[in-house]
Amino acid sequence: ELQSIAASFASMVAQFSRNVGFEDLASLVQSLTGRIANGARSDILPLCEIPFVQVKRAREMFRSGLRTVEDVASAKPHELVRMLGNLLGPTGVAMAKKIIQGAQMLHRRRLVELAQGIEISIEEEDIEMLS
C-alpha cells in the first residue's frame with residue numbers, strides 16, 4: 001500500500017514539475033516512479049513490464065541471462081522452467097508459456113510503435129524536402 005502511494009505521489013510530482021516548466025526535474029522523478037512502483041533496480045524494470053513477471057521473477061531471469069523483453073520473447077518454456085523453478089508456481093510450463101506470450105505481445109507492440117514513429121518522421125522529412 002505504502003509503495004503504491006509513494007509511486008502515485010512521485011508521478012504527481014513529475015506532472016507538477018512538468019506543468020511549472022521544470023522538465024529536468026520531471027524527467028528525473030518520472031524515471032524513479034517505475035523503480036518505486038516495482039521496488040526494483042532500473043536494470044530489471046523492462047522485464048517487470050511483461051505480464052505475470054514481478055520483481056522476483058525479473059531478478060532471476062536477469063541473473064540467468066534473460067536481460068531484455070526480446071530475450072524472454074525468444075525463450076523456450078522449458079528454459080524458463082529451468083531458470084525460474086518454484087517461482088513459476090504449481091503450473092510451471094503453463095505459466096512459462098504465458099510469460100513468453102506476454103513478452104512477445106509487448107515486443108510486437110514496441111515494434112509497431114517504433115514503426116509508426118519512423119513513418120511519421122519520414123513523412124515530415126518528405127514534406128520539408130518538398131517545400
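These legends accompany close-up views of a predicted model.

**View 1. Confidence across the model.**
The structure shown is a prediction. Its average pLDDT is 85. A score of at least 70 is reached by 90% of the residues. Helix H5 (residues 69-73) has the highest confidence, at a mean of 95. Helix H7 (residues 93-130) has the lowest, with a mean of 80.

**View 2. Helix H1 and its two sides.**
Helix H1 spans residues 2-19. This helix has 18 residues. From first C-alpha to last, H1 reaches 26 Å, close to the 26 Å expected at 1.5 Å a residue. Ala7, Ala10, Ala14 and Ser17 of H1 are buried. These residues lie on the same side of H1, because they cover an arc of only 85 degrees around the axis. An α-helix has 3.6 residues a turn, so residues three or four places apart point the same way. The other side of H1 carries exposed residues: Leu2, Phe9, Met12, Phe16 and Asn19.

**View 3. Ala10, a buried position in H1.**
Ala10 sits in helix H1. The relative accessible area of Ala10 is 8%, so this residue counts as buried, the cut-off being under 20%. Ile36 is 26 residues away from Ala10 in sequence. In space, the two C-alpha atoms are 8.3 Å apart.

**View 4. A nonpolar patch on the surface.**
Seven side chains are labelled here: Phe16, Val20, Phe22, Leu25, Leu28, Leu32 and Ile36. They form a nonpolar surface patch. Together they have about 640 Å² of accessible area. Helix H2 (residues 23-38) gives the largest share, four residues. Phe16 belongs to the exposed side of H1.

Phe22 lies in the loop between helices H1 and H2. Its relative accessibility is 51%. Phe22 therefore counts as exposed, since the cut-off is over 50%. Phe22 is one of the residues of the nonpolar patch.

**View 5. Phe52, a loop residue with positive phi.**
Phe52 lies in the loop between helix H3 (45-48) and helix H4 (55-63). Phi of Phe52 is near 75 degrees. That is a positive value in a residue other than glycine. Phe52 has a relative accessible area of 40% and is therefore partly exposed. That value falls between the cut-offs for buried, under 20%, and exposed, over 50%.

Methods: Residues numbered from 1 in each chain as written. Heavy atoms only, no water. Patch = residues over 30% accessible without salt bridge, like charges linked within 9 Å, V, L, I, M, F, W, Y side chains within 5 Å. Areas by Shrake-Rupley, 256 points an atom, 1.4 Å probe, with all protein chains shown as cover. Salt bridge = Lys/Arg side-chain N within 4 Å of Asp/Glu carboxyl O. Buried < 20%, exposed > 50% of the residue type's maximum accessible area, 1.4 Å probe, protein only. pLDDT = per-residue confidence, 0-100. Expected span 1.5 Å × (residues − 1). Arc of directions from axis to C-beta.
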